Number of protein chains: 2
Amino acid sequence: MKPYVLGIDIGGTNTVFGLVDTRGAVIASSSIKTAKHAKFEDYIDELYTEASRLISVNDAEDKVHGIGVGAPNANYFTGMIEDGVNLPWPTPIPLAQMISEKFGIPCAVTNDANAAAIGEMTYGAARGLKDFIMITLGTGVGSGIVINGQVVYGHDGFAGELGHVIVKRHNGRLCGCGRTGCLETYCSATGVARTAREFLEIRTEPSLLRKIDIEAITSKDVYDAAMNGDQIAKEIFEYTGTILGEAMADMTVFSSPEAFILFGGLAKSGDLLLKPLVNAMDKNMLSIFKGKPKVLLSELKEADAAVLGASALGWEAK
Amino acid sequence: MKPYVLGIDIGGTNTVFGLVDTRGAVIASSSIKTAKHAKFEDYIDELYTEASRLISVNDAEDKVHGIGVGAPNANYFTGMIEDGVNLPWPTPIPLAQMISEKFGIPCAVTNDANAAAIGEMTYGAARGLKDFIMITLGTGVGSGIVINGQVVYGHDGFAGELGHVIVKRHNGRLCGCGRTGCLETYCSATGVARTAREFLEIRTEPSLLRKIDIEAITSKDVYDAAMNGDQIAKEIFEYTGTILGEAMADMTVFSSPEAFILFGGLAKSGDLLLKPLVNAMDKNMLSIFKGKPKVLLSELKEADAAVLGASALGWEAK
C-alpha cells in the first residue's frame with residue numbers, strides 16, 4: 001500500500017488540503033480560496049496545481065494511495081455534490097470523478113460531518129468505538145453516525161442529518177432548510193447568537209452583552225460574557241445545552257451509541273454547555289440507557305481535523 | 001444445513017411456537033400459556049415438552065438448524081431478558097442459554113420488534129431492502145431498524161426503541177417508561193384509546209363513541225366508528241397519523257430508510273391512518289428526503305408473523 005493519502009476539506013470560504021501518513025500525521029498542508037473561481041473546472045485546476053506542488057515538494061509522487069474529500073452535501077454513493085449548498089457552482093457536481101480523473105488517483109467523497117466521524121474513528125476520540133454519534137457544532141449542526149463500525153449513509157447516501165430533527169414542533173425557529181424548529185436553529189453557533197438576541201429583547205436585566213450591537217452578537221461573545229459571570233449569558237448556554245441534551249436522549253433510543261462526540265467551536269465551551277447538556281440527557285434518558293452513552297470531545301487538533309477526517313476516507317478510495 | 005428452524009414468540013399472555021422451513025412456510029405451530037408457571041424453569045420444561053411433540057409429529061427430530069426467539073426486552077448480544085417487563089418471572093433471565101441447553105439446539109433471541117423486522121426482511125415486505133424501519137403498532141409502539149442489511153442492535157443490544165422518542169416535550173402523556181410524551185403514548189392502540197377519551201371529554205359533539213363506556217373504549221371501537229362516518233373518530237385517526245408521520249420524518253434524517261414498514265393491528269386501519277400519516281411525513285420532511293421513503297404494510301400473515309420473525313433468527317443461531 002502506498003504510504004500517504006491526500007485529504008481535502010472543501011468549505012464555503014477555503015479549501016484546505018494536506019498530505020497524511022498512515023499514523024494520521026499531517027506531513028504538510030496548504031489551502032486555496034474556494035470561491036475564487038466561477039467555474040468548477042477552474043477551481044479543480046488550481047486545486048490540482050497546488051496539491052501537486054505539495055505532493056511534489058514532499059517527495060510523495062506515486063506515493064498517494066487515495067484522495068478523501070469532505071464537502072457540504074457530498075454523497076458517498078454517487079460521488080456528487082448534489083444539492084444547493086453554500087458553494088459558488090451549480091449542482092450537481094461530479095466531484096469524485098473529476099478529482100480522480102484530474103489526479104489519476106482514486107477518490108472518495110462524503111459530507112463534512114461524516115468525514116469528521118471517520119477522522120475521529122481513525123485517529124481521535126472514537127478509536128476503538130463501533131457505535132458512536134459525532135455531532136458537529138458549527139455554523140450549523142451536522143452529524144456523522146457510526147453503527148457497528150460503519151458510517152451510516154442510508155438508502156440514498158444522505159443519512160445522518162441530525163441537525164434537522166425537529167426540537168420545537170410549534171412556534172419553532174425558521175431554519176435554512178425551509179422548515180421550523182430544527183435542532184440547528186438552537187444549538188449551532190448561529191443558534192446561540194439567536195438565543196442571545198431573543199433573551200436580550202425579552203428581558204430587562206443588565207448584561208455585558210448589551211454593550212454589543214445586538215445584530216452582531218456571536219456565540220463567542222456569549223461565551224466571553226458567561227466566563228465573566230454574566231447571568232443572561234450563562235442562561236443562554238443552559239438553554240442551548242438543555243435542548244441538545246434532550247435531543248441526544250432521543251437519538252440514543254435510535255442507535256444506542258457508546259458515546260457522543262462533540263466537535264466544533266461550541267464544543268469548546270466546557271461546562272457552560274456540557275453541564276446542562278449532560279443533565280438534560282440524563283433526565284430525559286429512557287431508563288435502560290441511563291448513564292450509558294458517554295459525552296466526549298473531539299481529540300483532533302482543530303487546524304488538522306477537517307483534513308484528517310477527509311484523508312481517512314482516502315484509505316478506502318478505489 | 002438442516003431444513004427447519006423453530007420460531008418462538010414469547011408474549012405476556014401466550015407463547016406461540018412453530019416449525020418453519022427455508023421458504024418461510026409454517027409447517028406446524030402450537031402455543032402454551034406464558035403466565036401459567038411461577039417458575040421460569042417450569043415454563044421452559046412445558047415449552048420443551050410441547051415443542052418437542054410438535055417437532056416429533058412432523059418427523060423433524062435432528063432436522064432443526066436453530067431456534068429463534070422474540071421476547072420483550074430480549075437482548076441479542078447477551079441472550080438475556082434483561083429488564084422489568086410484563087412477564088411473570090424475575091429478570092434477568094438467561095433465555096438463550098436455557099433454551100439451547102434444554103433443546104440441545106443453538107438459540108438466538110431478540111426483542112419482538114427486531115424479530116418482526118428480521119421476519120419482514122426474510123419473508124415479507126422488506127425482501128430486498130437493505131435500509132428500512134419496522135414500526136410495530138400494538139399495545140405499545142416498537143421498532144426494528146435495519147441499516148445496510150443489518151439489524152441495529154447498538155452498543156448494548158437495546159437500540160431501536162423508537163416508541164420512546166419524545167413527541168411532546170411539554171405536557172405530554174405519562175408513559176409506562178416513567179417519562180412523558182413518548183410516541184407510544186399517542187400512536188399505539190392504547191394511545192388511540194387515550195386520544196378518544198381526551199377528545200370525548202373536551203368536546204361536546206355527538207359521537208357513536210359516546211355509546212361506549214369511556215374507560216372501555218378500544219382502538220377497534222374508534223376504527224369501527226370512523227368507518228361508520230363518525231367525525232370525532234375520524235379526527236382521532238387524523239391526530240394519531242399526524243403525530244406518527246411527524247415522528248417518521250424525524251427518523252428519516254437519522255438513517256434515510258428506503259421504506260417504513262407498519263405492522264400490528266393499527267396498521268390495518270387503511271387510509272384512516274395512512275392518509276394523515278403520509279401527509280404529515282411529507283409536510284415535515286427535510287427537502288433532500290422528500291418523497292423518498294415509502295410507507296409499506298407488513299406482508300406477513302398475522303397469525304404467523306411473530307413466529308416467522310422469530311424463526312428467521314434461528315437461521316443465524318450458533
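Helices here are DSSP runs of H or I with at least four residues, and strands are runs of E with at least two, both numbered from the N terminus. One such helix in chain B is α7, residues 231-255, and B:Glu246 sits in it. I will come back to that residue.

First, the ground rules. This is a predicted model, where local features need pLDDT of at least 70, side-chain atom pairs count only at pLDDT 80 or more, and totals for chains, interfaces and linings use all residues. Residues are numbered from 1 along each chain as its sequence is written, chains are lettered from A and ligands numbered from 1 in the order in which they are written, and side-chain values use heavy atoms, with hydrogens and water left out.

Now chain A as a whole. Its secondary structure comes to nine helices and ten strands. The C-alpha trace spans about 60 × 45 × 35 Å along its principal axes. The radius of gyration of chain A is 20 Å, which agrees with the value near 20 Å for a compact globule of 318 residues; that radius is taken over C-alpha atoms, and the globule rule is 2.2 Å times the number of residues to the power 0.38.

Of the 318 residues in chain A, 57% are buried. Buried means under 20% relative accessible area, exposed means over 50%, and partly exposed is in between, with a 1.4 Å probe and protein chains only. As for contacts, meaning heavy atoms within 4.5 Å, take those in chain A with a separation of 6 or more: 61% of them are between residues 24 or more positions apart.

On charge, chain A carries 29 positive and 38 negative side chains, and the centres of the two sets lie 4 Å apart. Lys and Arg count as positive, Asp and Glu as negative, while His and the chain ends are not counted. Each charge is placed at NZ of Lys, CZ of Arg, CG of Asp or CD of Glu.

Next, aromatics. Over all chains, the whole structure has 21 aromatic pairs. Among them is B:Tyr48 with B:Phe103, an edge-to-face pair at 5.0 Å centre to centre and 80° between the planes. That pair links distant parts of the chain, 55 residues apart: B:Tyr48 is in helix α1 (residues 40-57) and B:Phe103 in helix α2 (residues 95-103) of chain B. Rings of Phe, Tyr and Trp (its six-membered ring) pair if their centres lie within 6.5 Å; planes under 30 degrees apart are stacked, over 60 edge-to-face, and the rest tilted. B:Tyr48 counts as partly exposed because its relative accessibility is 31%, whereas B:Phe103, at 12%, counts as buried. In chain A, one aromatic cluster is formed by A:Phe40, A:Tyr43 and A:Trp89.

Some backbone points. A:Thr91 and A:Pro92 are joined by a cis peptide bond with omega about -5°, and A:Pro92 lies in the loop between β4 (64-70) and α2 (95-103) of chain A. In chain B, a cis peptide bond joins B:Thr91 and B:Pro92, again with omega about -5°. A:Asn171 has a positive phi, near 55°, and counts as exposed because its relative accessibility is 80%.

Back to B:Glu246. Is this residue buried or exposed? At 16% relative accessibility, B:Glu246 counts as buried. Which residues does B:Glu246 touch, not counting those up to four places away in sequence? They are A:Arg169, B:Ala280 and B:Asn284.
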